[in-house]
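Here is my note on the model, written as numbered points. Please keep the structure open beside the text and find each residue as it is named.

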Amino acid sequence: MKKIGLTGGIGSGKSTVAAMLAEAGFRVVDADKIARQIMEPGSPVLAKVAEEFGHDVLNQDGTLDRAELARRAFGDKESTQRLNAITHPAIRAESNRQFIQAETDGAPVAVYDMPLLIELGLNKDMDLTVVVDVDAEERVKRLLTSRGLDEADARARIKQQIDDGARKAAADWVIDNNGPVENLAPQVERLIESVQAGPKK
Ligand code: ADP
């Protein structure tokens, strides 16, 4: 099974590309979705997070109060690391489980849609690293209009990630999403053709 890592800065269009690859029949392992799943009410990860950061990070109904956790965990590096120490191993374990499942199911290709692929060095485990590239200023604009973030929040999130030059340097394949969304489909098609034509791993 061929493993494709798909990454890019927040707001670059990763999820849009992942949806196109899923549409084409590629298995997609979605790290953001897994990150939400492991924090569902009643999960051991959420219990550990509440123990570490205080029970005020939980809403009355036992769901995670994301804004409160962000206030407590993203203010300084040490707190962020404490949170990551709880969540990252769980995300890794579930991601691995889904890759193994894809292999068991006989999927020829599995795509890892992972914002921190390069930051965490996981690109080393992939056969191909695909980066969706958009200028940071354009990403800020898209995050404001489409995701309702305020500008300071969007810029803070972008700042937490690897810079665009370093990300592109780690790419085997770059999808340029600076233009209109219509420009994506032909680029994604070229990627699919190349993956399907390449040697099976
Ligand atoms: P990511 O998963 O990388 O954070 P998304 O795929 O969610 O990014 O895209 C961020 C937002 O930008 C979405 O609302 C998406 O519909 C929009 N978007 C994606 N590509 C384009 C484009 N080429 N032009 C304008 N908006 C776009």
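1. A helix, as the word is used here, is a DSSP run of at least four residues, and helices are numbered from the N terminus. By that numbering, H5 gives the lining of the largest cavity its largest share, namely three residues. Please bear in mind throughout that this is a predicted model.

2. The volume of the largest cavity is about 60 Å³, and its lining is made up of His88, Ile91, Arg92, Tyr112, Met114, Leu120 and Leu122. Sorted by class, the lining of this cavity has five nonpolar residues, one polar and one charged.

3. Tyr112, which lines the largest cavity, also belongs to the one aromatic pair that the structure holds. The ring centres of Phe99 and Tyr112 lie 5.4 Å apart and the ring planes stand at 85°, so the pair counts as edge-to-face, a label given to planes over 60 degrees apart. The two partners come from distant parts of the chain, with Phe99 in helix H5 and Tyr112 in strand E3 (residues 109-113), 13 residues apart.

4. How do the axes of helix H4 and helix H5 cross? The axes of H4 (residues 66-73) and H5 (residues 77-104) come within 8 Å and cross at roughly 125°, which means that H4 is oblique to H5. On the H4 side the contact is made by Leu69, Arg72 and Ala73, while on the H5 side it is made by Ser79, Thr80 and Leu83. The residues of this contact comprise three nonpolar, two polar and one charged.

5. Turning to open space, the largest pocket holds about 1700 Å³. Its lining consists of 44 residues, and those nearest the centre of the pocket are Asp32, Phe74, Leu116, Arg157 and Gln160. By class, this lining has 19 nonpolar, 13 polar and 12 charged residues.

6. Which helices supply at least two residues each to the lining of the largest pocket? They are helix H1 (14-23), helix H2 (31-37), H4, H5, helix H6 (136-147) and helix H7 (151-160). H5 gives the most to the lining of this pocket, with eight residues, and H5 also provides the largest share of the lining of the largest cavity.

Methods: Residues numbered from 1 in each chain as written. Predicted model: local features only at pLDDT ≥ 70, side-chain atom pairs only at ≥ 80, totals over all residues. Heavy atoms only, no water. Axes fitted to C-alpha atoms, helices over the stretch in contact; angles between N-to-C directions. Parallel < 35°, antiparallel > 145°, perpendicular 65-115°, else oblique. Contact = heavy atoms within 4.5 Å. Nonpolar A, V, L, I, M, F, W, Y, C, P; charged D, E, K, R; others polar. 1 Å grid on protein atoms, 1.4 Å probe; cavity = no way out; pocket = protein on both sides within 12 Å on 5 of 7 lines; lining within 4 Å. Points joined across faces, edges and corners; volume = space filled by probe spheres on them. Phe/Tyr/Trp six-rings, centres within 6.5 Å; stacked < 30°, edge-to-face > 60°.
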